[in-house]
Every structure is written in structure tokens, then in C-alpha cells.
Amino acid sequence: MDKDRDAAKQDTAAAKQDIGAAKQAAQKCTAESKSCMTELIGGGATQETDMAQARGELGTMKPEPSGNAASALSGTCASFTADLPAGLSGSSEMTSLCGEMNR
């Protein structure tokens, strides 16, 4: 436990140094100095790369079934009825319910 406490103290000291360095760097720049601010924050290259990656991943997601609604509903019915007691899974009500879902 003492080892963890010492590690936490070291991490805290390092974080304080990092924060102090960031404050000093920010104080060197005026808000109007675009070039200084760009240098300070890195120009946004990382953000642009991350946003491009996120857009690419979002583009592959399908928010609704892609022409497979009937098979998706049939699979749902089959999974649901498989969990029911034996007497209910093959009942006419269940067949009727699944038929309505597939309309």
C-alpha cells in the first residue's frame, strides 16, 4: 500500500509540473496570436484525424435493417418461442403473433 501511495504522490507531482508548464506556455500566447495558439495546441491535426476515423466508422453502421427485416423478425420469433414452455411455443397464438410481426 505504501508503494501505491508513493506512486500516486509521484504521479501527482508530475501532473503538477505538466500543468505548470502548460500554464506558462499559455501565458506566452495572446488570444489574438493565431500562430502561437496553433503551436500551443498542435494545429488540430490529431483532432482532424480522429474525426475522420469516427466519420468512417459511422459510415459503416446501419441504423435500420438493410433489406433483411423479414429474416430478422423470423429470427426474433424463433428465439423468443424457444424460451417459452413447450406447450406455448407451437401454439396458434404464437404463430399468429409471429405472422403479424412479419407483415
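Reader: How are the residues numbered, and which pLDDT values do local features and side-chain atom pairs need?
Author: Residues are numbered from 1 along each chain as its sequence is written, and side-chain values use heavy atoms, with hydrogens and water left out. In this predicted model, totals for chains, interfaces and linings use all residues, whereas side-chain atom pairs count only at pLDDT 80 or more and local features need pLDDT of at least 70.

Reader: What is the mean pLDDT of the chain, and which element has the lowest mean?
Author: The pLDDT is the predictor's confidence in each residue, from 0 to 100. The chain has a mean of 78, and 86% of its residues reach 70 or more. Among the elements, α1 has the highest mean pLDDT (86), and the lowest (70) belongs to helix α5 (residues 86-89).

Reader: How many helices and strands does the chain have?
Author: Helices (H or I, at least four residues) and strands (E, at least two) are DSSP runs, numbered from the N terminus. Along the sequence the pattern reads α-α-α-α-α-α. The secondary structure therefore comes to six helices and zero strands.

Reader: What percentage of the residues of the chain count as buried?
Author: Buried means under 20% relative accessible area, exposed over 50%, and partly exposed in between (1.4 Å probe, protein chains only). T81, in helix α4 (residues 69-82), counts as buried because its relative accessibility is 15%. Of the 103 residues of the chain, the buried share is 7%.

Reader: Why does helix α2 lie largely in the open?
Author: Helix α2 spans residues 34-41 and has eight residues. It lies largely in the open because the number of its residues that are buried is zero.
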